[in-house]
Amino acid sequence: MALDIQTIEKLAKHCEDAELNAQEITKITDDYPEMTYEDAYDIQWTARRAKEARGHKIVGMKMGLTSQAKMKQMGVPNPCYGYLADYFAYGDGAQIKIDELIHPKVEAEIAFVLKDDLSGPGCHIGDVLAATDFVMPAVEVIDSRYKDFKFDLKSVIADNSSSSRYVTGGRMRDIKDLDLKTLGVVMEINGEIVQLGAGAAVLGHPATSIAMLANMMSERGEILKAGTYILSGAITAAVGVKKGDNVTVKFQDLGSLSFRFV
């Protein structure tokens, strides 16, 4: 650990204030080049505890940068995770206020809901499949607080891995009835197809991403508890949105969901 507790608390407030006030910041490694990955997660967990102290519930987790394309696009070596707070959640047909966000982008994901606890180290895809209650379609609205979406992996981890809103809906399905690798997704904005993808875009299989999350959490002595809602990572590239945009995502075998930015 390179940063002291006071600095970690200060940076957690700095990143969280940027999220709450929809204000851009510059990447924090510019000012703290000595910061480690451990520091970055300490900042994220400190902000998470601050939300809980103010009465918010942490309802789930998300994996970020889970596709080879995304890692390449962002110039980062491996995926990262973030948490989902209660007020991030929206349902099918929702209207999301764009003024509460900085420069939102949308990406299609498959969400997992657990029926059993999952813990690492050594968690593998079979453990995930056995512990999953059901899967359902989701769209994550990512919104990096960093100016021009410019960041490195440590800065993005500290910023809760760009987590901001998510929309969930469609059908709940038993994982045994689906082939998540080949499950196709079509994203439309204002009726025009903007992205196509399949589940294999997420580390070859979305459940691999959940296993990786359990193993990463175990490094901090944390587990994924039964009932946890987890966004497994983007199947499509992230697409920028503006006020008035209608987003519809159709998932093979899982139905569709729609929402708009107002």
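# Briefing: loops, cavities and core

Aspartate 253 sits in the loop between β12 (246-251) and β13 (255-261). Helices (H or I, at least four residues) and strands (E, at least two) are DSSP runs, numbered from the N terminus. This is a predicted model: local features need pLDDT of at least 70, side-chain atom pairs count only at pLDDT 80 or more, and totals for chains, interfaces and linings use all residues. Residues are numbered from 1 along each chain as its sequence is written, and side-chain values use heavy atoms, with hydrogens and water left out.

**Backbone features in loops**

- Aspartate 253 has a phi near 70°, a positive value in a residue other than glycine.
- Is aspartate 253 buried, partly exposed or exposed? Its relative accessible area is 37%, so aspartate 253 is partly exposed. Buried means under 20% relative accessible area, exposed over 50%, and partly exposed in between (1.4 Å probe, protein chains only).
- Asparagine 160 also has a positive phi, about 55°, although it is not a glycine.
- Asparagine 160 lies in the loop between α5 (153-158) and β7 (163-168).
- Asparagine 160 counts as buried because its relative accessibility is 5%.
- Not counting residues up to four places away in sequence, asparagine 160 touches Gln44, Lys62, Gly82, Tyr83 and Phe88. Contact means heavy atoms within 4.5 Å.
- The peptide bond from glycine 120 to proline 121 is cis, with omega near -5°. Proline 121 belongs to the loop between β5 (105-114) and α4 (125-131).

**Cavities**

- Rolling a probe the size of a water molecule over the atoms shows where empty space is left.
- How many cavities of 30 Å³ or more does the structure hold? It holds two.
- A cavity is a set of points, on a 1 Å grid over the protein atoms alone, where a 1.4 Å probe fits but cannot get out; lining residues have an atom within 4 Å of a point.
- Grid points are joined across faces, edges and corners, and a volume is the space filled by probe spheres set on the points.
- The largest cavity has a volume of about 100 Å³. It is lined by 13 residues, and the closest to its centre are Leu65, Lys70, Ile142, Ser161 and Ser162.
- Two elements, β1 (58-64) and α3 (68-74), each supply at least two residues of the lining of the largest cavity.
- The lining of the largest cavity has seven nonpolar, three polar and three charged residues. Ala, Val, Leu, Ile, Met, Phe, Trp, Tyr, Cys and Pro count as nonpolar, Asp, Glu, Lys and Arg as charged, and the others, Gly among them, as polar.
- The second largest cavity has a volume of about 80 Å³. Its lining includes Tyr83, Phe88 and Asn160.
- Both α1 (5-21) and α2 (37-53) give at least two residues to the lining of the second largest cavity. The largest share, three residues, comes from α1.
- By class, the lining of the second largest cavity divides into five nonpolar, two polar and five charged residues.

**Core and buried strand**

- The largest nonpolar core has 89 residues. Those with the most contacts inside it are Val106, Leu224, Phe259 and Phe261. A nonpolar core is a set of buried Ala, Val, Leu, Ile, Met, Phe, Trp, Tyr and Cys residues joined through side-chain atoms within 4.5 Å.
- Beyond its neighbours within four places in sequence, leucine 224 is in contact with residues including Met61, Leu114, Ile210 and Ile230.
- Valine 141 is found in strand β6 (residues 132-142). Valine 141 is buried, because its relative accessible area is 0%.
- Valine 141 and tyrosine 166 are 25 residues apart in sequence, and their C-alpha atoms are 5.5 Å apart in space.
- Leaving aside neighbours within four places in sequence, the contacts of valine 141 include Val106, Tyr166, Phe259 and Phe261.

**Cysteines**

- How many disulfides does the structure hold? It holds zero. A disulfide is a pair of cysteine sulfur atoms within 2.5 Å.
- The closest cysteine sulfur to that of cysteine 80 is in cysteine 15, 13 Å away, so the two are too far apart for a bond.
- Cysteine 123 is in no disulfide either; its nearest cysteine sulfur, that of cysteine 80, is 18 Å away.
- Cysteine 80 is buried, with a relative accessible area of 2%. Cysteine 123 counts as buried at 6% relative accessibility.

Key. 1 Å grid on protein atoms, 1.4 Å probe; cavity = no way out; pocket = protein on both sides within 12 Å on 5 of 7 lines; lining within 4 Å.
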